[in-house]
Each structure stands twice: as C-alpha cells, then as structure tokens.
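Take a moment with the model before reading on. The text below walks through it piece by piece.

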Amino acid sequence: MTDSVQKLYAAVLSARARDPALSRTAKLIREGVPKMAKKLGEEAVEVGIEAVQNNRPAVVRESADLLYNLVVLWSELGITPGEIWREMDRREELYGIAEKLPKSRHGGQPPVGETGKDGTQREAPHPLLLHGKHR
C-alpha cells in the first residue's frame, strides 16, 4: 500500500504543473486548502454513509477517493507519505498497530504515570516547563 500512496503522491506533485482546465488535480490544487479540506470531508462522509448502508463496493470506491483527496491535501501542506509512515511507526511502538492514540495533549506520549508499549513510563513535566518557562 505504501508504494501505491507514494506513486499517487508523485502523480499529484507532477499534476501541479498541469493546466487546471485539463487536470482535475491541478484545478483542486489551484482552489486551495479550504477546497481540498472540504473535498476530504465530503469523501469521509461518503465512506461512512456507504458503510452504514453496507455497500461494500461503494466503500471501496469512496475510500479510494478519500485517499486521493488526503494525498492532494498533504502535497499542498508539504507533508510527505514518509512522514505519515514514521508517525504510524511511532504509534505502533507506543500502543500497537491496531490502536489509535488516546486523545490527549501529550503528543502521543502515554499519560503521566502510565507505561507505554516500549516499557517507558512518562513522568510529570517540571512545573516550570508547563508554563513555557525554561531555566
């Protein structure tokens, strides 16, 4: 899968130079991040709707559209697939591949006092660091 996403990313980057009248990708890029984010959200909703309706073929199609729009957005923000894979690897080390990181303000670190998958325990930060003060 990573090869397919990398190929898509490269194709999106090359489409940036195309005529927006001839390339839907170039047109989307020209429309900017707000339009890209809107399209990404629309595709995510479509995946969800098709899943609730148990329409497997449509989920596959809409998922491909979702990935496409995600890659277009990454390209505009200067995010590479490699950055995403590194974050996935980091999360796997902390919690296992099949787990989503808990919502927190810890940057994906285990909560204070808990042990991560790698066996390290997160200590409370120094009180001065909590307020951005450094010695």
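Threonine 25 sits in helix α2. Helices here are DSSP runs of H or I with at least four residues, strands are runs of E with at least two, and both are numbered from the N terminus. At 12% relative accessibility, threonine 25 counts as buried. Buried means under 20% relative accessible area, exposed means over 50%, and partly exposed lies in between, with a 1.4 Å probe and protein chains only. Leaving out residues up to four places away in sequence, threonine 25 touches Val12, Ala15, Tyr68 and Val72. Contact means heavy atoms within 4.5 Å.

This is a predicted model: local features need pLDDT of at least 70, side-chain atom pairs count only at pLDDT 80 or more, and totals for chains, interfaces and linings use all residues. Residues are numbered from 1 along each chain as its sequence is written, and side-chain values use heavy atoms, with hydrogens and water left out.

Now take the whole of α2, residues 24-31. Which of its residues are buried? They are Thr25, Ala26, Leu28 and Ile29. Seen down the axis of α2, these buried residues fall within an arc of 160°, so they line one face of the helix. The arc is that of the directions from the helix axis to the C-beta atoms. An α-helix has 3.6 residues a turn, so residues three or four places apart point the same way. The face of α2 turned away from the buried side carries exposed Arg24 and Arg30. What covers the buried residues? The cover includes α1 (2-15), α3 (33-52) and α4 (56-77). After α2 comes glycine 32, with a positive phi near 95°.

Step back along the chain to arginine 16. This residue is in the loop between α1 and α2. Its relative accessibility is 36%, so arginine 16 counts as partly exposed. Arginine 16 and leucine 28 are twelve residues apart along the chain, and their C-alpha atoms are separated by 9.4 Å. Neighbours within four places aside, arginine 16 contacts Ile29, Ser75 and Glu76.

Next come α3 and α4. Two packed helices are described by the angle between their axes and the distance between the axes. The axes of α3 and α4 come within 9 Å and cross at roughly 160°. Axes are lines fitted to C-alpha atoms, for helices over the stretch in contact, and angles run from 0 to 180 degrees between N-to-C directions. That crossing makes α3 roughly antiparallel to α4, a term for angles over 145 degrees. The crossing of α3 and α4 is left-handed: the near helix is turned anticlockwise from the far one by less than a right angle. Residues making the contact include Val33, Leu40 and Val47 of α3. On α4, they include Val59, Leu66 and Leu73.

Asparagine 54 lies in the loop between α3 and α4. Buried or exposed? Asparagine 54 is exposed, with a relative accessible area of 68%. Asparagine 54 has a positive phi of about 55°, although it is not a glycine.

Last, the whole protein. There are six helices and zero strands. From the N terminus on, the elements run α-α-α-α-α-α. Of the 135 residues, 23% count as buried. Among contacts between residues at least 6 apart in sequence, 41% join residues at least 24 apart. The accessible surface comes to about 9600 Å², and 56% of it belongs to carbon and sulfur atoms. Accessible areas come from the Shrake-Rupley method with a 1.4 Å probe, and for residues only the protein chains shown count as cover.

Methods
Angles under 35 degrees count as roughly parallel, over 145 as roughly antiparallel, 65 to 115 as roughly perpendicular and the rest as oblique.
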